[in-house]
Amino acid sequence: MFPKNAWYVACTPDEIDDKPLGRRICGEPIVFYRGEAGRVAAVEDWCPHRGAPLSLGRVVEGRLVCGYHGLEMGCDGKTVAMPGQRVRGFPPVRSYPVVERHGFVWVWPGDAELADPAGIHQPFWADNPAWAYGGGLYHIRCDYRLMIDNLMDLTHETYVHSTSIGQKEIDETPCNTRSEGDTVITSRFMNGIIPPPFWQAALRANGLPDDQPVDRWQICRFTPPSHVMIEVGVALAGKGGYDAPAEFKASSIVVDYITPESETSIWYFWGMARNFRPDDAELTATIREGQGRIFAEDLEMLERQQANLLQWPERGLLKLNIDAGGVQARRVIDRHIAAERAGSPATALA
Amino acid sequence: MFPKNAWYVACTPDEIDDKPLGRRICGEPIVFYRGEAGRVAAVEDWCPHRGAPLSLGRVVEGRLVCGYHGLEMGCDGKTVAMPGQRVRGFPPVRSYPVVERHGFVWVWPGDAELADPAGIHQPFWADNPAWAYGGGLYHIRCDYRLMIDNLMDLTHETYVHSTSIGQKEIDETPCNTRSEGDTVITSRFMNGIIPPPFWQAALRANGLPDDQPVDRWQICRFTPPSHVMIEVGVALAGKGGYDAPAEFKASSIVVDYITPESETSIWYFWGMARNFRPDDAELTATIREGQGRIFAEDLEMLERQQANLLQWPERGLLKLNIDAGGVQARRVIDRHIAAERAGSPATALA
Amino acid sequence: MFPKNAWYVACTPDEIDDKPLGRRICGEPIVFYRGEAGRVAAVEDWCPHRGAPLSLGRVVEGRLVCGYHGLEMGCDGKTVAMPGQRVRGFPPVRSYPVVERHGFVWVWPGDAELADPAGIHQPFWADNPAWAYGGGLYHIRCDYRLMIDNLMDLTHETYVHSTSIGQKEIDETPCNTRSEGDTVITSRFMNGIIPPPFWQAALRANGLPDDQPVDRWQICRFTPPSHVMIEVGVALAGKGGYDAPAEFKASSIVVDYITPESETSIWYFWGMARNFRPDDAELTATIREGQGRIFAEDLEMLERQQANLLQWPERGLLKLNIDAGGVQARRVIDRHIAAERAGSPATALA
């Protein structure tokens, strides 16, 4: 169960630079490619001629050419041409609203008439030269909501990421969770603690001492359908914490776009945005590699958790204070799904 | 859905020279082996003792000995002996009509009483010293009819095999399709064209120039249950095309025996018969290698097409002029299946 | 179908020395670990917080700590603690009776109230310094009863293990099968035969000639739920056979503990106990390696037999004299299953 009337990240632009990309989004097999003038396009991954996947074809002058018998598909899902054929009567395939923005390709797998690009997630750091972004993609066999739970309850860092960003104080410090309309915010502030290895390295990278107490913060923001942005950082203790001047802190934004592939699998676009040394490509690569290693630690846990839930579908899960972020996020999601089914805007149900 | 009262290629003789071979044909798990005097035999791959697959056993003096407890199976599906046992009351397993002919082992998975070896496909080139044959076997996860479609519509060469036998003129030249009883013939003649790489090499192998215009032909013949023989060739332009004297042309016969393993998988016996330099074993090997590489290009397309059809079972496929060969072949197949169900010979329904 | 009110081997102690072990036993996903004072513990592999498998966690001071968010599970299935939480109301998970004994960890997957450690299989050779034991574990995708059949009918040695322990005389010599309460015993005595390679090596290891006729014996003992102990050996011919003085023979006990994982898969704990050179660790390793190689020969046969039985579920199997051991063992098993369902002790139905 996922909202379909929503913008999801489908892929990164480089994934469709050379060739079409077949990817299932919210259960829909879709081919993404660059159509006329390099504009992104998305249609069902089905050739109306014999059912071959169009993603096995290639793009010629903005037309997607089926790799089986040469049917040329237009960005609107209507066949443009086919050698030796009149194609007027060919049945169209579905086309999907798709937009390239902020370094991602966004797709709307639901009712195309409701798709408004204004609703695409707007990261404040995107298109801002003071910021740099690096990230990657993981395919994980779990319900997308398990990943939202994961990101909205960072006490798991103490256990899953014990050698990098985890530390006992995360567990010991209560979090605060609140909703503002469709946004769910859960935050934790840990003051006067010793930074764990990841943050020690970040402090060094910022020219700050790594052996002194710091104030550390984690502010997770969920917005529908399934985006989680997390402000994370440390400041030398007593300098103002989250509000400390830039010269005393190291901070960044963990970016998580979670796209359901099916009911039990996701495309997980993870990354990090930072506003220090934004032009240092080597640093971007180093951070991405480190983050990729840390985030890979979640994969087995999530897939095995999913397997357990399928094994015992009747069992309920506890909803503790630390789970409030995930619980409230699910409420927002449920409201959107209900609204979609009722044919009314989700805001009306808020 | 496939006719079961038909002769299919089960394997090549070398596959059973050393040991029994277990292979599922039209949904039937069968063990093939050499029985008395080396004659091929085929029985259910099931030991009546404890259900072990007989194909894990070995052949001793023409008897198939179960590899688990030594039951000796006869070619007729009746147990011959078992150490320390009286076997008269042992339940028989099914035996299948099977014939070694033309370099293949043929099996009849349906009603044994109707099996007449006279109905085995008779390639005119077989057992003819002026001709040579080389080929191979691919296992492909697709409905056998998708492979028939593939072979009866060669416009796919332009896209799937663009670097070897494909060329634009295939698309541009209409084909002609007709049925003669159970045989479906679709043919295409392209005159005055530049030969693609595969045919350039063939011309050179025949001592002919490879940089001159040629007349090229493709004549596909489907016969039930699922054989497709394709006459292919090129002649120097203006020398008579298909009817040109041998000294001006290079030609061969593409041999395709398609055996259903299940509703959605096949054993695909492919090969090429040629009537030039028939004793040149090295040439046979070279051609086989090249053909194997080209035909491997179809695998992903067919398997992904099959997956798409399973994803959208309610969707129809277009039946264009280029599809006429496959469409008419399916009509023949449907007629045979209907006849089989009605218990009457297919010819009566023709 | 398997008895659940029974003691099964779950693992060997070394498998839980460093970390928890997740293993499915009789369909139950269980985590095994060392709790307080190193005592073995077994609880459902499910964290009551969010359903993560506890086996991905670690053990800290005898408590199983969930690797996701740090819940601490007690050996009784009750949550002991969780950072920042009151855990009194947390739903318990199931705990299983579990005992470490005779070099194995034994689990009772059924009704805990009926579990009496006195019922754990007592190998006479265990905890006896005159004996040595070595063994291993295989995972096999077959019904556990197929493995019991396999071990209670050793005529398969002639075919499956033809190069090591098999010989024609096994087939030719009738076996004798009888039941004593829940124990099923099938035995075979072959006198004045040439020893096969495995036994030639064993004779040499005992300082005996390997080129003389021997008397060979095989005495298989099944006890429920699924243990098979096999006394095997050879004595120089005419010295008394099974009852010959130790100086004239080589013998050992093949140990088989078969634990159902699911209806169609098992954990197969195999090994060999011997009462010669018990302190020779190198010999133990050599024997284990040889036995492992021989027993691996059964895997494909059993898995393919299982696949055949699933393919033809309606087909019966023959019950010959050689199958009497397996047939009688199944009767004992069926009696236990029926008793379990009726809620009465199996002995009452004997």
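How many residues does the contact take from chain B and how many from chain A?

1. Contact between chains A and B. The model is predicted, and what follows is to be read on that basis. The contact draws 22 residues from chain B and 17 residues from chain A. On the side of chain B that touches chain A, helix 2 (157-160), helix 3 (168-172) and helix 5 (281-311) of chain B each contribute at least two residues. Helix 5 of chain B gives the largest share of that side, seven residues. Sorted by class, the side of chain B that touches chain A holds nine nonpolar, six polar and seven charged residues.

2. Arrangement of the chains. Chain A is superposed on chain C by a rotation of 120° with 0.0 Å of shift along the axis, at an RMSD of 0.0 Å. That is how copies are related by a three-fold axis. For chain B on chain A, the superposition is likewise a rotation of 120° with 0.0 Å of shift along its axis, and the RMSD is 0.0 Å.

3. Overall form of chain A. Chain A contains seven helices and 17 strands. Its radius of gyration is 22 Å, close to the 20 Å that the globule rule gives for 350 residues, so chain A is as compact as a globular protein of that length. Along the principal axes, the C-alpha atoms of chain A fill a box of roughly 75 × 50 × 35 Å.

4. Burial and contact range in chain A. Of the 350 residues of chain A, 47% count as buried. Taking contacts in chain A between residues at least 6 apart in sequence, 57% join residues at least 24 apart.

5. Strand 3 (residues 28-34) of chain C is mostly covered, with five of its seven residues buried. Strand 2 (residues 21-25) of chain C pairs with strand 3 of chain C in the antiparallel sense, over five bridges. Ile25(C) has Glu28(C), in strand 3 of chain C, as its bridge partner. These two strands form a hairpin with two residues between them, and Cys26(C) in the turn has a positive phi of about 50°.

6. The hairpin of strands 3 and 4 in chain C. Strand 3 of chain C also runs antiparallel to strand 4 (residues 40-44) of chain C, joined by five bridges. Here Arg34(C) is bridged to Val40(C) of strand 4 of chain C. Five residues lie between the two strands of this hairpin, and Ala37(C) in the turn has a positive phi of about 55°.

7. Pro224(C). Where in chain C is Pro224(C) found? Pro224(C) sits in the loop between strand 14 (214-223) and strand 15 (227-236) of chain C. Pro224(C) is buried because 21 other C-beta atoms lie within 10 Å, the cut-off for that label being 20 or more. Leaving out residues up to four places away in sequence, Pro224(C) touches Pro3(C), Ala6(C), Asp182(C), Val332(C), Ile333(C) and His336(C). The C-alpha atoms of Pro224(C) and Val184(C) are 9.3 Å apart, with the two residues separated by 40 residues along the chain.

Terms used: Residues are numbered from 1 along each chain as its sequence is written. Chains are lettered from A and ligands numbered from 1 in the order in which they are written. This is a predicted model: local features need pLDDT of at least 70, side-chain atom pairs count only at pLDDT 80 or more; totals for chains, interfaces and linings use all residues. Copies are superposed by least squares on the C-alpha atoms of residues with pLDDT of at least 70 in both. Helices (H or I, at least four residues) and strands (E, at least two) are DSSP runs, numbered from the N terminus. A residue is buried if 20 or more other C-beta atoms lie within 10 Å of its own, exposed if 12 or fewer, and partly exposed in between; C-beta atoms are placed from the backbone. Two residues are in contact if their C-beta atoms, placed from the backbone, lie within 7 Å. Ala, Val, Leu, Ile, Met, Phe, Trp, Tyr, Cys and Pro count as nonpolar, Asp, Glu, Lys and Arg as charged, and the others, Gly among them, as polar. The radius of gyration is taken over C-alpha atoms; the globule rule is 2.2 Å times the number of residues to the power 0.38. Two strands pair if DSSP finds at least two bridges between them.
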